[in-house]
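Subject: Structure handover

Hello,

Here is the structure I promised to pass on. Please open it before you read further.

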Amino acid sequence: PVTTQGSQQTQPPQKHYGITSPISLAAPKETDCILTQKLIETLKPFGVFEEEEELQRRILILGKLNNLVKEWIREISESKNLPQSVIENVGGKIFTFGSYRLGVHTKGADIDALCVAPRHVDRSDFFTSFYDKLKLQEEVKDLRAVEEAFVPVIKLCFDGIEIDILFARLALQTIPEDLDLRDDSLLKNLDIRCIRSLNGCRVTDEILHLVPNIDNFRLTLRAIKLWAKRHNIYSNILGFLGGVSWAMLVARTCQLYPNAIASTLVHKFFLVFSKWEWPNPVLLKQPEECNLNLPVWDPRVNPSDRYHLMPIITPAYPQQNSTYNVSVSTRMVMVEEFKQGLAITDEILLSKAEWSKLFEAPNFFQKYKHYIVLLASAPTEKQRLEWVGLVESKIRILVGSLEKNEFITLAHVNPQSFPAPKENPDKEEFRTMWVIGLVFKKTENSENLSVDLTYDIQSFTDTVYRQAINSKMFEVDMKIAAMHVKRKQLHQLLPNHVLQKKKKVNLEKGVKLTALNDSSLDLSMDSDNSMSTSFLFFFFLFFGRNSPAPAVTAASVTNIQATEVSVPQVNSSESSGGTSSESIPQTATQPAISPPPKPTVSRVVSSTRNAATSGNAATKIPTPIVGVKRTSSPHKEESPKKTKTEEKTSSTDLSDIPALPANPIPVIKNSIKLRLNR
């Protein structure tokens with residue numbers, strides 16, 4: 001509203017969002033509106049917008065679920081002999097959070113929900129009587145309870161929509177319809193599981209209250225989430241960012257440019273976070289202390305918080321860092337992607353490129369020369385789901401170990417998993433694999449050094465098996481394997497549609513990404529015709545019916561020309577288009593935290609001078625090492641794998657293999673060693 005005083009018109013000051021002043025209050029221009037409309041048209045084919053009919057279906061399903069909750073709570077109240085006056089108004093409610101609550105869910109996405117109940121309804125009631133009530137519903141399929149999870153949950157499919165339902169019991173006699181979960185006083189006298197369950201809703205609601213324009217925020221977030229998924233940097237569990245973290249980064253951008261619309265906000269997002277001085281934290285509001293003595297993120301108080309590399313702090317009490325999984329490698333990958341995103345959006349704003357360029361998926365399998373392939377297998381689909389979930393949750397531990405290796409600059413795990421090839425089509429066994437790209441340091445020394453990754457791989461597999469055994473999830477036929485693979489060998493393991501890419505050369509400050517075309521699929525040099533059977537040999541050796549279970553790792557001892565390794569270069573002086581002069585406000589209230597020094601890790605490294613072999617010699621592959629005894633783990637404690645498999649023979653039985661290749665890759669159990677020719 002505009003008020004008049006005398007002959008002058010004054011507009012009330014705009015509401016202030018965030019912990020700093022905005023960078024710009026500029027209103028959108030006509031060109032911004034045109035670019036925003038083009039952005040919407042570009043997003044549509046990717047399925048990021050849900051049809052109105054589907055949206056109404058979700059609303060209907062949530063309404064049915066809400067009625068079920070109210071009905072169940074009334075039944076519980078009656079069984080506990082509450083007064084009729086209380087029963088009539090006892091309430092109970094389903095709240096949503098996550099992408100659905102933020103309004104940025106995609107077609108077919110699941111719904112995160114929270115069941116809020118009054119104080120006389122116990123968590124045990126939720127996992128018994130409410131579970132049984134859901135089981136009776138015709139629309140409910142795939143019902144399962146995960147009561148022992150960090151945040152206990154009931155998972156189900158309701159009329160084709162997947163829903164995860166958490167539970168929180170409030171210290172209230174009744175649950176009013178207009179309950180605002182952002183009220184901190186609701187947390188008093190709650191157990192920690194209820195506080196964790198409430199956290200998702202509280203954070204989501206705070207984010208929506210901390211952005212200047214919800215529609216602009218939503219469209220920008222849809223674009224950024226799609227970009228992150230297309231560029232393989234969307235995964236909290238693997239050390240990248242999850243949905244809530246991306247939402248908070250977009251919300252902070254909206255606070256800094258409160259009047260901007262989506263086309264501008266997408267560009268400013270890349271500008272702000274390509275220049276952000278990590279590990280300064282991203283905060284949407286000043287942290288508040290509620291005197292409830294709950295642990296909050298504060299590096300001044302908690303020494304462990306000082307080691308967080310890319311802190312993005314949730315706005316609801318108790319404030320937490322949503323990105324504690326981020327590692328040196330994943331941050332390096334994301335910052336480089338921010339810089340490339342800025343360069344592309346600079347071009348888009350100058351009409352030199354279309355929005356589609358921003359969402360082009362880079363070929364991860366052409367980006368690096370060397371890869372570690374992790375494989376997990378289980379005898380049934382149900383066991384595979386559990387096993388894959390556990391292995392995936394620990395991959396970041398392996399990445400952390402690899403990036404501490406003195407010869408490794410970067411360990412980049414692809415968040416997408418793939419089905420692994422079967423050695424026997426007739427045998428039902430379910431396999432999943434992940435691929436980790438490696439970048440080795442360039443050195444000027446002429447030494448040959450053998451990099452031994454055995455300890456890193458063994459520590460990782462021991463950790464996975466130990467947790468599986470402790471949680472009583474482990475079965476004898478659950479296995480993990482790891483192997484080193486060169487770029488030109490990936491086609492032996494991965495589907496063709498994953499590797500196919502139009503011919504294109506991408507130059508990024510010294511990084512050359514060579515395109516993969518049909519001709520490069522020809523087997524060459526150390527990838528001759530025996531290569532496919534060599535990989536088959538690997539799978540037989542580690543997943544054969546009579547092989548010892550669980551098999552752990554395979555090694556391929558490979559010559560690596562260090563000068564050939566492509567290392568992504570980060571150039572801080574890189575031009576940022578016409579907007580590089582803008583100053584990005586960092587957090588003033590939190591001290592800048594220097595990343596901790598890299599711990600010195602001793603490695604088993606054998607050094608020989610002038611041992612470089614000729615190209616022909618390098619291609620000679622020795623005969624396989626058959627019946628290799630399992631080497632002892634570097635851990636002092638016994639490997640958990642032995643607890644289940646002591647009765648198995650310690651040597652590898654190759655009787656199942658119908659025909660061994662003439663010159664297979666040498667396979668050494670529990671060992672991955674790479675020879676770097678410097």
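First, the ground rules. This is a predicted model, in which local features need pLDDT of at least 70, side-chain atom pairs count only at pLDDT 80 or more, and totals for chains, interfaces and linings use all residues. Residues are numbered from 1 along each chain as its sequence is written, and side-chain values use heavy atoms, with hydrogens and water left out.

Binding site

UniProt, in an unreviewed entry, puts the feature "binding site" at Asp110, Asp112 and Asp164. These three residues span 55 residues in sequence, yet no two of their C-alpha atoms are more than 7.7 Å apart, so they gather at one spot. The UniProt positions are in the numbering used here, feature names are shortened, and annotations may be inferred rather than shown by experiment.

Where does each one sit?

- Asp110 is in the loop between helix 4 (98-102) and strand 4 (111-117). Helices (H or I, at least four residues) and strands (E, at least two) are DSSP runs, numbered from the N terminus.
- Asp112 belongs to strand 4.
- Asp164 is part of strand 7 (residues 161-169).

Asp110 is partly exposed, at 31% relative accessibility. Asp164 is buried, at 17%. Buried means under 20% relative accessible area, exposed over 50%, and partly exposed in between (1.4 Å probe, protein chains only).

Now the contacts (heavy atoms within 4.5 Å). Residues up to four places away in sequence are not counted for Asp110, which touches Arg58, Glu162 and Asp164.

Nonpolar cores

A nonpolar core is a set of buried Ala, Val, Leu, Ile, Met, Phe, Trp, Tyr and Cys residues joined through side-chain atoms within 4.5 Å. The largest has 114 residues. Phe217, Trp227, Trp246, Trp387 and Ile436 touch the most other members. A second, separate core has 30 residues, including Trp72, Ile73, Val90 and Val140.

Best wishes
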